[in-house]
Amino acid sequence: MPESTCRICGGVVTMFLDLGRQPLSDVFPVEAPAPGEEFTYALRVGTCADCTMVQLLDEVPREAMFGEHYPYRSSGSSVMRAHFEALAKSLLAGELSGRSDPFVVEIGSNDGVMLRTIAAEGVRHLGVEPSSGIARTAAEQGVAVLTAFFEVDTARAVRAEHGPADVVYAANTICHIPYLGSILDGVAELLTDDGVFVFEDPYLGDIVAKTSYDQIYDEHFFLFSATTVADAAARHGLELVGVERLPVHGGEVRYTLARAGRRTPDAAVGELLAQEAAADLHSPATLRRFADAVAANAADLVALLERLRAEGARVVAYGATAKSATVTNYAGIGTDLVEAVVDTTPEKQHRVTPGAHLPVRPASTFAEPYPDYALLFAWNHAAEILDREAAFRAAGGRWILYVPDVRVV
Ligand code: SAM
Ligand code: TMP
Ligand code: ZN
C-alpha cells in the first residue's frame, strides 16, 4: 500500500483511497489541451498511524494553484455572503468588543467577502492572500490586503509592521495548506496573549457520513476533525477551545484555538471528540468502508448518465466547482455523458473544465433551452440554486444529485 510521511507528526501515512490522476481543480483551459499536455498529479488519500490526520499523499506546488488567475470568487454565493457577514458581525460584537484598537488578520481573504464588513466598521484588519487577481478585487473595495502566502515568516513580518492580532480568521483555507506547522507557529507568533485563531473547513465526519468524496482535491490537503485539529494545535502551543458545526459547503466545523491554558475549552469540544471516538471516525475500517462507498457512488452516477444517454436525454451540469474535477475525472464523465456545465463565474466561462473538458457556459444560458436533466455539481449550494432555478423544475426539468447518494429529484 502506498505511504508517505505525516505533515503533522512525521508518522507513516497509509493510503485508503486512490482517486487516480487528476488535473489542477481550479485551472480552466481556454480549450481542451492536447493529450498529455495538461498537468496532472496522483490524488491519493491516507491516514497517519500515529496522529490519525487524514491527508493527501502527494503535494501540488502552491504556486501552481494560487496566483494571478485563481478563479474562485467567494462572493459568488448569496448564502456565503450572508454567512461571512454574520461571522464578521459576531466577531465585532464578541471577541473584538471592548478591546482598544483591535486588529484582525484573515488568512485567504479572497475577494474580501468577510473583511469588508470589518473594514466598514473602521476596525484595523489585514487580509493575507497570495492570489493576486482576487487580492486586487478586495483592495478595490477598501480591504487592506497583503499579497503573500501566510506562513511563519509572513506572520512575523505582519506583527512587526502592525502589532499583534486579537483575532486570526480563515475559512476554507487552512485545510489547503500542507505546511500546517508553519501556519500554527505563525499564528502563535502573531496573536496577542489572549487572542484567538478561528477557522472553518470541511469536516471529515460529514465527508464520511455523506460519501462526499468530491471534497477531496489538490487544494484540500487535509480533511480535519476535532481529534486531529486538537492534536496538531497542541504540538504548536495552542489548544482547541471551541468547535461549532456549520451547514455550509456540505458540512464544516469552525474551530477556535487559543494559547494553551489561556481559556477553558467549551463543553462542545469534549462532546465532538467523544462523538468522533464513538464513531471510530479515524479507524482503518471506517475509512475503508468510505472508500468502498466512493467507488459505488461513482459507478451509480455513471450508470445513471449512461441510461439517460441511451434514452436520448440532454444533461447539463450546474456549477463548475473545483470539487467536480474529482467526480468527472475519477468517474470518467466527459462530453459523451454531459453536454456542458453552466456557471456564474466570468473567469471560468468560455473555457473548459479541468481534465474532463466540459465547456463552461454562462449560467444565463441554462434556459436556452433547458436541458432534460441538470447534474448539480454545486450541491453544497443546492438550496440557493434550486430556489433561483425553480422555473427549471416547473418546466419539467429534473435535478441529478449524488450526495449522499445518486438520485433524481
Ligand atoms: N476564505 C474564502 C472563502 O471561504 O470563500 C476563500 C476560500 S478559497 C477556497 C482559498 C483561498 O486561500 C484562496 O483565495 C487562496 O488563494 C488562499 N490561500 C491558499 N494558500 C494560502 C496561504 N498559504 N496563505 C493565505 N491564503 C492562502
Ligand atoms: P464552490 O462549491 O467551491 O463554492 O463553487 C461553486 C461554483 O458554482 C462556483 O464556480 C460558482 C458557481 N455557482 C453558480 O454558478 N451559481 C450559483 O448560484 C452558485 C451559488 C454558485
Ligand atoms: Zn501524524
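**Figure 1. Contacts between domain 1 and domain 2 in the predicted model.** On the domain 1 side, 23 residues take part. They meet 22 residues of domain 2. Domain 1 spans residues 65-282, and domain 2 spans 285-408. The C-alpha centres of domain 1 and domain 2 are 29 Å apart.

**Figure 2. The residues around ligand 1.** The shell holds 22 residues. S74, E129, S131, F150 and N172 are the closest. Sorted by class, 13 residues of the shell are nonpolar, seven are polar and two are charged.

**Figure 3. Polar contacts of ligand 1 with G108, S131 and Y179.** S131 places a polar side-chain atom 2.8 Å from an oxygen atom of ligand 1. Y179 contributes an N or O atom of its side chain, which lies 3.0 Å from a nitrogen atom of ligand 1. On its own, ligand 1 has 590 Å² of accessible area; the protein covers 97% of this.

**Figure 4. The second largest pocket and its lining.** Seven lining residues are nonpolar, two are polar and five are charged.

Definitions and conventions:
Residues numbered from 1 in each chain as written. Chains lettered and ligands numbered in written order. Predicted model: local features only at pLDDT ≥ 70, side-chain atom pairs only at ≥ 80, totals over all residues. Heavy atoms only, no water. Near = heavy atom within 4 Å. Polar contact = N/O pair within 3.5 Å; in protein donor to acceptor, adjacent residues only side chain to side chain. Areas by Shrake-Rupley, 256 points an atom, 1.4 Å probe, with all protein chains shown as cover. Nonpolar A, V, L, I, M, F, W, Y, C, P; charged D, E, K, R; others polar. 1 Å grid on protein atoms, 1.4 Å probe; cavity = no way out; pocket = protein on both sides within 12 Å on 5 of 7 lines; lining within 4 Å. Domains from an automatic or database assignment. Contact = heavy atoms within 4.5 Å.
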